[in-house]
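I opened my notebook to keep track of what I looked up in this structure. Here are my entries, in the order in which I made them.

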Amino acid sequence: MDLGLVGKRAIIPGSTKGIMRQVVEQLVDEGCDVAICSRSEDTVARALRELSGGRGKVYGRACDVLDKEDYESWIAEMAEALGGVDIFIPGVSAGGGSDSEKNWWKSFEVDVLSTVRGCEAVVPLMQEGGGGAITLVATTAALETFGGPQAYNALKGSLLVYGKQLSQSVGRDMIRVNAVSPGPIYFEGGVWAMLKDTMAKWFEKTLRDHPQGRMGTAEEVANCIVFLSSPAASWVSGTNMVVDGGFTKRVQF
Amino acid sequence: MEIIRKQVIERVDPDAQTRGTPAHKAPEQDLGNELIPKDRYISAEFMQREWEGIWSKVWLLGCREDQIAAVGDYICTNIGRESVLLVRQENGGIRAFYNVCMHRGNRLADDGAGHAEVFQCSYHNWQYNLDGRFKEIPDLHTFPQGAPPCSGLREIPCDTWASFVWFSLNEEVEPLREYLGEVVDHLEPYHFERMSMTRWVTAVWNCNWKASVDAFSESYHTAQTHPQLLWYLDDYNVQIDLYDKHSRYLIPFGVLSPRVDSAPEIPPPLKVLLKNAGIDPAAYDGSVNDIRRAVQKHMRAHQDALGKDYSDLNDDQLTDDYNYLVFPNVTFNTHADDLMLFRNRPHPTDPNKMLFDIWMFELVPAGEERPKLPKHDFREEGSSRSLGLVIDQDASNLASVQAGMNSAAYPGLWLSAQELRIRHFHKTVGEMVGESSGTRGT
């Protein structure tokens, strides 16, 4: 199957590590040009070095997605460098935590507000270009009880609501909006690799709860994000693709 | 797990420090590279030499002063085949005696804490005053030779330091402070007397007492045995200082191990560190690598709000582990807000067993009620009840280490520079039993 990504242009904030880094690598391999950022200049410079020489070109600079002005100008600069935007994948997250009220503010600002700001900056560019694909990143913790009541779960859930409704409003502009909800994903440098050491019992229990006895990989999630963001998924919009190897127990009608 | 990052730990400048425990690096000692013979861990003959050369010669930790606060309060503690009574006197002092009735040799009290007006032998009711002198010998007239000439219980040297009661079976022992040496100035800044004892556990472990001392004297085992700690401390950039008999290492807490590349978010144990220091982990915006300094600065600036007085500690001590081995058998795992004290005692007869004591202390904020003294929690051999995650992880190694040491294939300990304190410990053990380290058993 041809994903149709050759020559496409993608903007992916917070993408020097983890699942989003994997998405960048796969897009570049497919021949897509990509713009990246993270908060640290050194990290961006290193990622740009490592990603250079692939099928697609990679652009980027340090940017704090919590800084509205900085974030919006980063998107504008990257769109200019890329010559337009076809794909936007905001996957930045504050992560979990239930030990402080501050978690709610952080999850709102990082997971929700930065996503909304990003979409609002990107949609006009996509309208100009005649369409595009936005893929949001949620979590199975928004779909089923997991790890106790906390901001991460609730506000990732709000992204699903936002994404669905955005898909309705921009459908006429040929912009598709989807979400991916990964279950627990294990990779070196990821949260579950840390929890394996620091909360070993919780890690083992979560592992046992997986029908296949393992957690997902960053590549398995990136595969789905890349597909939904590609022209190959041209007739998919407003959906929430659960990528959890059968971890969640609910029925999804 | 290999070292994958170069990590520079910002430490207190020992020449410029204006407060706290001296951070100076002690002069290096050339201890050689010889193998430490395994017979030191498994031989009954060596065990006997330890008794003669070490246990009956040195100062030994007995209890906390506040465990025997009132007149007549006592602690009965065993060391090897001996049992000792530490007794609060009417004049407020403390005296130590062998726990043995001079009549037929019966023990007067059982291991643990107690209170007595007089010590009464349960066999024939010989009675002793708190100062050890005979109070009453029933039917004394039937002893044609009269009462024993010793006039009562056999007294032994006893002294206090830093809220702890120490004793020695050696009547000629040097003064306690002289024996403790550097340790006195190094540990007094923690003001253990302000801390409250919260836990008092004794467990019977299936290993030699030195195997346990070894386990708490090196950080090389952290990566394999305690992987969770790699997200909390630097197990590699450790300052090791060897003194005369005693030693210490300084382990930076509040940082990632250089065996870990980076953390995807603040690791759970560092969140606890932040929280305990009064910083909301969710509000902490800095880098994970800066948590150690942030905690130090916050504790220093907010000590009044925290109800703590850290004025005698240096900045490193606000986060790091200052870990001392007071020879032969006490580990002071020391932190600004707590002390984890481990006492490693030999089994009375079996070199393959030991008694492991855990004494935990916490610095209770000013104005808060101090907890009641804990009851003695004794764990029989083979008890599966948890002693806490980290100690369970250590304990799970030790029985198997001891079993392996008994193998014909194993000659002895092959040590790294990270395990230098073990080598130093064995040098002292060797000298005290009249044998230099690494010359036998190969």
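**Entry: a sheet in chain B**

I began with an open sheet of eight strands in chain B, ordered β14-β15-β16-β17-β18-β19-β13-β20, and found its pairing to be mixed. I took strands as DSSP runs of E with at least two residues and helices as DSSP runs of H or I with at least four, numbered from the N terminus. Two strands pair if DSSP finds at least two bridges between them. At the edges I noted β14 (239–242) and β20 (377–379) of chain B; each has a single partner strand, so one side of each is left without a neighbour in the sheet. On average, neighbouring strands of this sheet are turned by 15 degrees against each other, direction ignored.

A note on what I was reading: this is a predicted model, in which local features need pLDDT of at least 70 and side-chain atom pairs count only at pLDDT 80 or more, while totals for chains, interfaces and linings use all residues. Residues are numbered from 1 along each chain as its sequence is written, and chains are lettered from A and ligands numbered from 1 in the order in which they are written.

β14(B) runs antiparallel to strand β15 (residues 247–251) of chain B, and four bridges join the two. Here I saw Asp241(B) opposite Arg248(B) in β15(B). Helix α11 (residues 420–432) of chain B packs on the sheet and touches β14, β15 and β16 (321–326) of chain B; its direction makes about 10 degrees with that of β14(B). For contact I used C-beta atoms, placed from the backbone, that lie within 7 Å. Angles run from 0 to 180 degrees between N-to-C directions, with axes as lines fitted to C-alpha atoms, for helices over the stretch in contact.

**Entry: another sheet and a hairpin in chain B**

I then turned to an open sheet of five strands in chain B, with the order β6-β3-β4-β5-β10 and antiparallel pairing. Its edge strands are β6 (112–115) and β10 (155–156) of chain B, and each pairs on one side only. Strand β5 (residues 94–98) of chain B is joined to β10(B) by two bridges, and they run antiparallel. I looked up Phe97(B) and found Glu155(B) in β10(B) as its bridge partner.

I also checked strand β11 (residues 158–161) and strand β12 (residues 164–168) of chain B, which pair in the antiparallel sense over four bridges. Trp161(B) stands opposite Phe164(B) in β12(B). The two strands β11(B) and β12(B) form a hairpin with two residues between them, and Ala162(B) in the turn has a positive phi of about 50 degrees.

**Entry: domains of chain B**

Which domains is chain B divided into? I found domain 1 (36–57 + 182–432) and domain 2 (59–172), with bounds that come from an automatic or database domain assignment. Taken over C-alpha atoms, the centres of domain 1 and domain 2 of chain B are separated by 31 Å. Their contact takes 17 residues from domain 1 of chain B and 14 residues from domain 2 of chain B. On the side of domain 1 that touches domain 2, α2 (44–55), α4 (182–187) and β18 (338–346) of chain B give two or more residues. β18(B) gives the most to that side, with three residues.

**Entry: helix pairs in chain A**

In chain A I looked at helix α1 (residues 18–29) and helix α8 (residues 218–229), whose axes come within 8 Å and cross at roughly 55 degrees. That makes α1(A) oblique to α8(A); angles under 35 degrees count as roughly parallel, over 145 as roughly antiparallel, 65 to 115 as roughly perpendicular and the rest as oblique. Among the residues making the contact are Ile19(A) and Val23(A) of α1(A) and Ala222(A) and Ile225(A) of α8(A).

The axes of helix α3 (residues 68–82) of chain A and α4(A) come within 10 Å and cross at roughly 35 degrees. Residues that meet here include Tyr71(A) and Ile75(A) in α3(A) and Ala121(A) and Leu125(A) in α4(A).

**Entry: where the chains meet**

Last, I looked up the contact between the chains: 16 residues of chain A touch 18 residues of chain B. α4 (102–129) and α6 (191–198) of chain A each supply at least two residues of the chain A side. The largest share of that side, four residues, comes from α6(A).

Terms used
Two residues are in contact if their C-beta atoms, placed from the backbone, lie within 7 Å.
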